Amino acid sequence: MGWIGDTVDSFKSIQIRQLLTQAVSLGMIVTSALIIWKALMCITGSESPVVVVLSGSMEPGFKRGDILFLHMSKDPIRAGEIVVFNVDGREIPIVHRVIKVHEREDTGEVDVLTKGDNNYGDDRLLYAQGQLWLQRHHIMGRAVGFLPYVGWVTIIMTEKPIIKYILIGALGLLVITSKD
Amino acid sequence: MHSFGYRLNALLTFAVTILALMCGMASLSDNLNTPSSSAEIQIMNINWFQKQPQGNDEVSLTMNISADLQSLFTWNTKQVFIFVAAEYETPKNSLNQVSLWDAIIPAKEHAKFWIHTSNKYRFVDQGNNLRGKKFNLTLHWHVMPKTGKMFADKLVMTGYSLPEEYR
């Protein structure tokens, strides 16, 4: 009964004051994570400052599981930049390279064509039916920095939710039963 | 206070901090490199030049590309992506960039090269403004690091023009 008894005892010994302290410290962790994320959004100007590469279409530059840091500035989009874009009717954003740019004289609007470095053809097959060009509003940001492998954590968690729940459960138990 | 869990936690935090610091320093060390690159592109032939049924001009050409990009490589360089783009102005568009050819250089040994190639991607205008058009050929490069910040730069080569008539 030793270990289980100890655990039960540690549950019993929780005082209301201690419970409150733990709730507050848990809240602090969650809010500081939120603050960092929102601050990054403000600094980079992109609605998702960090993305995980999900496909191999940019290999060998970016592999599945690498993470990219995005930046969205007012600067015009130019050929060669790696942009993250959303196509109408598709939920998952795509990270590919710009290969053609046509910028209007009068309005400054751009028509952009993209292609994955590892793909044979350009991206017109991925775009919505009949869509030939991407416009500015499709583009969420351009990639400026790169960190390998770190994104595997999120890939594993989204594909095997059970691991996510085990991890959250273990962390929660640790917070509740820790004594200082 | 000194339980197994706490020690493991401290060790993990320390390891991750050091790793992050090393990644940051590797990326910063790229700034110490001042590359000097050279390139030359010659247009050898206009293979064909026509107006598509949809009304856009399209041209196919053959180029000689030679470049020396060895100085771009540092110890934090994974690969260099290069491409040649035709850049020109039309009455409707203040800038047109059309990528004609690209390649990935995986290592420094391959960074000095010479290639004879026709355009890999279609050179199509938005409209029919290509007859007699003067344009620039630009060699762009994007340095992809093993970790950290990506770099990009270009060499602009001017004075190219297309024929006055379709052929």
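This is a predicted model: local features need pLDDT of at least 70, side-chain atom pairs count only at pLDDT 80 or more; totals for chains, interfaces and linings use all residues.
## Where β6 of chain A meets chain B

F146(A) stands opposite G148(B), a residue of β8(B). β6(A) is joined to strand β8 of chain B, residues 148–149, by 2 bridges, and the two strands run antiparallel.

On one side are 19 residues of chain A, in contact with 25 residues of chain B. Which strands of chain A each supply at least two residues of the side that touches chain B? They are β4 (94–104) and β6 (139–147). β4(A) gives the most, with 6 residues. By class, the residues on this side of chain A divide into 9 nonpolar, 4 polar and 6 charged.

## β4 of chain A and its partners

Within chain A, strand β3 (residues 82–85) is joined to β4(A) by 4 bridges in an antiparallel arrangement. To find this pairing in the structure, look for I82(A), whose bridge partner in β4(A) is R97(A).

β4(A) also pairs with strand β5 (residues 110–115) of chain A, in the antiparallel sense, over 6 bridges. Here V101(A) has V112(A) of β5(A) as its bridge partner. The hairpin of β4(A) and β5(A) has 5 residues between the strands, and G108(A) in this hairpin takes a positive phi near 75°.

Another partner comes from the other chain: 5 bridges join β4(A) to strand β4 (residues 93–105) of chain B, again running antiparallel. One of the pairs to look for is R104(A) with N93(B) of β4(B).

Helix α2 of chain A, residues 16–44, has 29 residues. From its first C-alpha to its last it reaches 42 Å, close to the 42 Å expected at 1.5 Å a residue. The helix is hardly covered, and the count of buried residues in α2(A) is 0. Just after α2(A) comes G45(A), with a positive phi of about 75°.

Chain B has helix α1, residues 4–29, with 26 residues. At 1.5 Å a residue this helix should span 38 Å, and its end C-alpha atoms are 37 Å apart, which agrees. α1(B) is hardly covered too, with a count of 0 buried residues.

## Domains and an exposed methionine

The domain assignment of chain B gives domain 1 (1–32) and domain 2 (34–161). Taken over C-alpha atoms, the centres of these two domains of chain B are separated by 41 Å. Across the boundary, 5 residues of domain 1 are in contact with 8 residues of domain 2. The side of domain 1 that touches domain 2 has 2 nonpolar, 2 polar and 1 charged residues.

M44(B) sits in strand β1 of chain B, residues 38–51. Why does M44(B) count as exposed? Because it has 12 C-beta neighbours inside 10 Å, and a residue with 12 or fewer is classed as exposed. Leaving aside neighbours within four places in sequence, M44(B) is in contact with T62(B), M63(B) and N64(B). M44(B) and M63(B) are 19 residues apart along the chain, yet their C-alpha atoms are separated by 5.4 Å.

For chain A, an unreviewed UniProt entry places the feature "domain: Peptidase S24/S26A/S26B/S26C" at residues 36–114. Over these residues the chain is 11% helix and 35% strand, and the end C-alpha atoms are 31 Å apart.

How values were computed. Residues are numbered from 1 along each chain as its sequence is written. Chains are lettered from A and ligands numbered from 1 in the order in which they are written. Two residues are in contact if their C-beta atoms, placed from the backbone, lie within 7 Å. Ala, Val, Leu, Ile, Met, Phe, Trp, Tyr, Cys and Pro count as nonpolar, Asp, Glu, Lys and Arg as charged, and the others, Gly among them, as polar. Two strands pair if DSSP finds at least two bridges between them. UniProt positions are given in the numbering used here, feature names are shortened, and annotations may be inferred rather than shown by experiment. A residue is buried if 20 or more other C-beta atoms lie within 10 Å of its own, exposed if 12 or fewer, and partly exposed in between; C-beta atoms are placed from the backbone. Domain bounds come from an automatic or database domain assignment. The expected span of a helix is 1.5 Å times one less than its number of residues.
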